[in-house]
Amino acid sequence: MMRFVEKMRIRWQLMFYDVVIYAIVITFIVTTYGLAGSSLQEFTVGATAALLCLLICRTVGKVYSMIIRYGGVHVYMRLFATDLVALCFYWPLKYGLDLEHMTSQRWLIIMLLNLLGAVGMRLMYRYCYRFGVRRTRKGDFLRFLLLLFAGDNVIKERRNENKRIRIAILGAGRLGAVLADELLSNDSAAYVPVCFIDQDSTKTGREVMGLPVLTEGEDGLEDLKDYGVQEIVFAITNIINTKKDTLFKLYKAAGYKVKVYDFSVADVAKSGKRMLREFDIDELLFRQPIVVNNELVSSYYKDKVVLVTGGGGSIGSEMCRQVAKMAPKQIIALDIYENGVYDLQQELRLLYGDKLNFKVEIASICSESAMRRVMEEYHPDILIHAAAHKHVPLMEKNCIEAVENNVFGTLNCIELCEEYGVGRFMMVSTDKAVNPTNIMGATKRMCEIIARAHSAQKGNKVVFSDTRFGNVLGSAGSVIPLFKRQIANGGPITITDKRIIRYFMTIPEASQLVLHSGAIAKNGELFVLDMGQPVKIYDLAVNMIKLSGLEPFRDIDIVETGLRPGEKLYEELLVKSETLHKTDNDLIFIEKDEPISMEDLANRLQLLREALASNDDEAVRVAMRKVVPTYRTPEEVNCKAEQAAEMQNVKVVE
């Protein structure tokens, strides 16, 4: 009941202001132009009749039941429509009351001026409600006007704004304006914008959405204090990563929390919605992402049947997402682990419904009969081979499984591709295949050797390509999720060695690289991405702690545990840099790898089969050293690590 009475008070209050505006208009017309031949009584009757028409039509049209503070154009369109109806009702009423001296032109002018005043009053109320929160003289004046418009209750609501986090929006462009409008229109939002920051001199010193635009960088830090800013929110879509790096460090050093109004890199394919969020770890690296020729890639995969092995994994599932955007004829995600492909199936079903022909197959790449069944049923045009055991320490303990799955599983896929006339075989490789020091890296190098040997066969119609890249941010088993869990548990963060470095890229980048290389492959190429500078894992750990709002070695410790079996201090991306060739993308190179003969390949595979038959991990390790000549012990590499070019080219992440 009390809420009903309160609503009625607000409606009557709004009606009262409409009456005041009407009286002001009438007074203005009379004092300026007089009664124009009509008597005072006749003018009073006409003015009263017109006012009643207006109020009745606005009440029936529910103008006084609308919440103006959240209203948009429809508020003013309804006001215009009800006043037009009131004008139509007034004309026959005028003649019925015998107001012959009251000219229609005069009352049309009165009604239009009154409509203009009513709209202006509502706009002023919205402006006062939105910007009366500021701690400035202007804000004080707006709160005074708001008190006149709406009384104490609304003022109390606005006082709660002081509990909201005051933010400065970095970027006074379209995206920043959208964010400001969302927050200013939402009373329940945890944030309230108080200013913009921009480098454009044509914007600084002016206002956007009623908020001042301050200078970007150190010159604007003092102004931020004056506005009581607590956090900085990046709202720029086209900022280069090096500049993002500089600004991030500047505002963090000044004591501000820094957030982003953007897509989460990890969830960009899922919701497509922007949100306020923390910086993702890949943004912490501030490396410019790879740019691919989307038109070329899309046209290649359009109307193709694409089979992705390891389709439930980090890379395989992302490649399914990317291919799904390119109008393929069909996608088949094959994996031995059902949970990953099930989640992917549900995700793609929500996004595309029946528009995408997406199938799931649960099978092992090592099973010739299972893979043959899949080939027989779907006859794929393209096979993207992302299935592999990849965890280095686990594979050091399980050499037999690593060779059976990675080497002979790959061989099984290649031979079936040749038998069933698959047009293209694209394999996902790793930087650990370059001068490998562990079983996992050695098996992937052996897979490259197998693919290259088959590509050189005369009469082979399958086009082969390998794509080699470094560590993938956020993938299952990678260091980033591990660090996140350790921080969430209160630490410590464990690293194997403070000197260790790695190359990094994002999951979408890795997937796009594989797809791009597959589209441009002629046959037998080994594609390599210029991944920029490697990153020291220790620096990564320190900055992840800081991003979590904690202090390294005070809140969270970092502990060295020693290098694991098969682990080396740095990774290499290229085998023979002098043989590199550029592609149409400046970040993608081709390493020409000389093929071995099929006879040589058969001998190497026979050595591995014999070692597997012994059921002895050490025998398998010895055999791998024979079939992969570049396979060395970690000690051989690590003792000379300080002299390696990769160790001299480390990017410092601060």
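This tour moves through the model stop by stop, saying what to select and what is there.

The model is predicted: local features need pLDDT of at least 70, side-chain atom pairs count only at pLDDT 80 or more, and totals for chains, interfaces and linings use all residues. Residues are numbered from 1 along each chain as its sequence is written, and side-chain values use heavy atoms, with hydrogens and water left out.

**Stop 1: strand β1**

Select residues 165–170, strand β1. Helices (H or I, at least four residues) and strands (E, at least two) are DSSP runs, numbered from the N terminus. Five of the six residues of β1 are buried, so the strand is largely enclosed by the rest of the structure. Buried means under 20% relative accessible area, exposed over 50%, and partly exposed in between (1.4 Å probe, protein chains only).

Two strands pair if DSSP finds at least two bridges between them. Find isoleucine 165; opposite it in β2 stands tyrosine 191.

Pick alanine 168: its bridge partner in β5 is isoleucine 232.

**Stop 2: glutamate 216**

Select glutamate 216, in the loop between β4 (211–215) and α8 (221–226). At 16% relative accessibility, glutamate 216 counts as buried. Show its contacts (heavy atoms within 4.5 Å). Not counting residues up to four places away in sequence, glutamate 216 touches Leu170, Ile197, Asp198, Gln199, Lys243, Leu247 and Tyr251.

**Stop 3: helix α12**

Select residues 314–324, helix α12. Of its 11 residues, 11 are buried. Among them are Glu318 and Arg321, as well as Met319 and Val323.

**Stop 4: the nonpolar cores**

A nonpolar core is a set of buried Ala, Val, Leu, Ile, Met, Phe, Trp, Tyr and Cys residues joined through side-chain atoms within 4.5 Å. Select Phe425, Met446, Leu608 and Met624, the residues with the most contacts inside the largest core, which has 53 residues. Helix α16 (residues 399–420) supplies the largest share of this core, 12 residues.

Zoom in on methionine 624. Leaving aside neighbours within four places in sequence, methionine 624 is in contact with Val403, Ile439, Ala442, Thr443, Met446, Leu608 and Tyr631. Apart from this core lies another, of 40 residues, including Val306, Ile331, Val463 and Ile590.

**Stop 5: salt bridges**

The structure holds 16 salt bridges. Each is a side-chain nitrogen of Lys or Arg within 4 Å of a carboxyl oxygen of Asp or Glu.

Select arginine 58 and aspartate 83; their side chains meet in a salt bridge (2.7 Å, N to O). Arginine 58 lies in helix α2 (residues 40–60) and aspartate 83 in helix α3 (residues 73–96), so the pair ties together parts that are 25 residues apart in sequence. Both residues are buried.

Move to helix α17, residues 439–455, where arginine 445 and glutamate 448 sit three residues apart, about one helical turn. The two form a salt bridge, with the closest N and O atoms 2.8 Å apart. Arginine 445 is buried, with a relative accessible area of 10%. Glutamate 448 is buried too, at 1%.

Finish at arginine 499 and aspartate 497, a salt bridge whose closest N and O atoms are 3.0 Å apart. Arginine 499 is partly exposed, at 39% relative accessible area, whereas aspartate 497 counts as buried at 10%. Last, select Asp18, Arg58 and Asp83: salt bridges that share partners join them into one network.
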